[in-house]
Amino acid sequence: MLLLDLDTVAPRERVDAFHHALTDRSVPNDVVHEEPDTGISARFELWRVGGLDLFTARSTGFEVRRTARHVRRHRERPVVSVSLQTEGVHRAENGGRRYHLGPDDIAVFHELAPRRYGWSGHGASQAITVDMEHLGVPVDAVVRASLRLRASPMHDLVLGHLRALWRDPARLEVDPGAAALANATTELVRSLLVSAAHDEDDRRVRSALDDSLAVRIMAYVRRHLTDPELNPERIAREHAVSLRQLYVVLGRAGIGLEQWIIGERLEAACRLLASPRHAGLPVAAVAARCGFTSPSHFTRRFRAAYGVTPREWRRHRVHGMHGPASDGPGTAGGGGTVDARDPRV
């Protein structure tokens, strides 16, 4: 998808268009152009591969400045950007340190950390953005790692992987394996950051990663909620932990895994049943779309949670009546007796 081509924008409007393209979907920035009066050029493109945004930028010289004031005004879910410099010599300031980046460097920036980035003359870069909820590496560890990525034995491996992503992003975007590729890329980036951040404070980093594991698990489950094959064994395997550790980590966060999954699926079912767009969708199809393999099991769970059947819920919503709907789907799992280790999640 083409985000911006300044050749199609009137010269007097180019500075504003450039700034809008870099800040509209992210935390605010200050953008300083090298030669704003003599004309600037830029072309930005975007691809969506699984859960990753792949972004290319080619432009005349500029610098993006993100200050602590900008960070405090952050309104989007934070991300980490991981970029390659494909043309020109790039300047950066991160963690209070200034440095240059070339074609064999990986640049990493956290949206919630002040930084500067840009180039002189003409330059180009390729970047991916990784949602912090999925990455699960604390801000200070990301910043520390960004200053010593080349010290990690993972650097060249991840560099090769990132370069491969850009060979044909349009084809990857529509490939059925795109979601798995996005997950694998996120894991590689996490491995690089953990490796590069390793020092005498490694136990603190590990502790922070452990603390974020529950959040990462919940994010993973929500992304795969409609998959009937989702089960504790698979979740543990995807996060490289034992089944016992999975339950321990979630238990510390006050989460009973199977019942929480059922509650999330029931909430999704409530939204479908109340949607006029899906009014003709059979209840069995609603159950299947929300990850339930058995319509009768779905109905039993729904009644236990809300005190009515799915059909009754839909009828109440269609006619604008209250009753169980007034409690909202947030009560899912709150009623009835539920086996917390039910295998049919």
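Trainee: Which side chain meets that of R43 in a salt bridge at 3.6 Å, N to O?

Mentor: This is a predicted model, in which local features need pLDDT of at least 70 and side-chain atom pairs count only at pLDDT 80 or more, whereas totals for chains, interfaces and linings use all residues. Residues are numbered from 1 along each chain as its sequence is written, and side-chain values use heavy atoms, with hydrogens and water left out. A salt bridge is a side-chain nitrogen of Lys or Arg within 4 Å of a carboxyl oxygen of Asp or Glu. At 3.6 Å, N to O, the partner of R43 is E45.

Trainee: Is D5 buried or exposed?

Mentor: D5 also forms a salt bridge with R43, at 3.2 Å, N to O. Buried means under 20% relative accessible area, exposed over 50%, and partly exposed in between (1.4 Å probe, protein chains only). Because its relative accessibility is 17%, D5 counts as buried.

Trainee: How many residues apart are E87 and R58 in sequence?

Mentor: E87 forms a salt bridge with R58, the closest N and O atoms being 2.3 Å apart. Strands (E, at least two residues) and helices (H or I, at least four) are DSSP runs, numbered from the N terminus. E87 lies in strand β5 (residues 79-87) and R58 in strand β4 (residues 52-66), so the pair ties together parts whose separation in sequence is 29 residues.

Trainee: How many salt bridges does the rule count?

Mentor: One network of salt bridges links D5, R43 and E45. By the rule, the count of salt bridges comes to 14.
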